[in-house]
Amino acid sequence: MTDEPPDVCPVFDEGSTISYGNCCAHERTEIEHFQRKVICIKCRAVLDPFEVLLQYARKERLAAHTDESVREARKRLAALEAEERLTKARLKNAKRKDADVAVAEAKKALAEKHSRAMYALDEAIGMIEKAKRNLETQT
Ligand SMILES: [Zn+2]
């Protein structure tokens with residue numbers, strides 16, 4: 001195979017990796033109905049109708065495959081969005097539960113401090129009353 005462009009430009013082949021430089025890809029065509037010819041709109045070359053039909057069929061298959069891929073991608077996206085909503089709800093619930101645990105622990109710690117303070121206050125009152133009684137017995 002040579003790198004020289006062919007005398008006649010081939011009909012565009014989407015799977016081909018061969019490049020013919022400035023050769024027209026004949027991507028847009030028109031039909032000359034009465035002459036039964038297919039002509040490239042860009043370069044005006046007369047094309048093989050069967051090759052044009054093949055190109056059209058390839059594009060149709062590609063479009064159908066692309067549509068299916070888009071539908072699949074949308075389904076996956078919807079599933080991911082649903083999973084995201086569930087995860088956010090679980091996270092929010094977990095944070096609320098963590099907050100509830102923290103509040104309960106704080107209340108318990110506060111109750112213990114209050115209890116110790118009341119015990120210390122009772123002792124102080126007892127000492128004051130004892131001191132008062134000592135003062136009364138001395139006088
Ligand atoms: Zn052309």
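Predicted model: local features only at pLDDT ≥ 70, side-chain atom pairs only at ≥ 80, totals over all residues.

Colleague: Which pattern does the protein follow along the sequence?

Modeller: Helices (H or I, at least four residues) and strands (E, at least two) are DSSP runs, numbered from the N terminus. Here the protein has 1 helix and 3 strands, in the pattern β-β-β-α.

Colleague: What percentage of the residues is buried?

Modeller: Buried means under 20% relative accessible area, exposed over 50%, and partly exposed in between, with a 1.4 Å probe and protein chains only. Of the 139 residues, 6% are buried. The protein exposes about 12,500 Å² (Shrake-Rupley method, 1.4 Å probe), and carbon and sulfur atoms supply 58% of that area. Among contacts (heavy atoms within 4.5 Å) with a separation of 6 or more, 18% are between residues 24 or more positions apart.

Colleague: In what order do the strands of the sheet lie?

Modeller: Two strands pair if DSSP finds at least two bridges between them. The sheet is open, with 3 strands in the order β1-β2-β3 and antiparallel pairing. Its edge strands, each pairing on one side only, are β1 (29–32) and β3 (46–47).

Colleague: How many bridges join β1 and β2?

Modeller: Antiparallel β1 and β2 pair over 4 bridges, and E30 stands opposite I39 in β2. Their hairpin has 4 residues between the strands, and R36 takes a positive phi near 60° there. Strand β2 (residues 37–40) is joined to antiparallel β3 by 2 bridges, with V38 opposite L47 in β3.

Colleague: Which residues are the protein donors of the zinc ion?

Modeller: Donors are N, O and S atoms within 2.8 Å of the metal (3.2 Å for Na, K and Ca); water is not among the atoms, so sites may look incomplete. The zinc ion has C24 (SG), H26 (ND1), C40 (SG) and C43 (SG), at 2.1 to 2.4 Å. Their sequence spacing is C-x1-H-x13-C-x2-C, and both C24 and H26 are buried.

Colleague: What geometry does the site of the zinc ion have?

Modeller: Ideal angles for four tetrahedral donors are 109.5 degrees. Four donors count as tetrahedral if all angles lie between 85 and 135 degrees. The site of the zinc ion is tetrahedral, with angles of 98 to 117° among its 4 donor atoms.

Notes: Residues numbered from 1 in each chain as written. Heavy atoms only, no water. Tetrahedral: all angles 85-135°; square planar, octahedral: opposite > 155°, others 65-115°.
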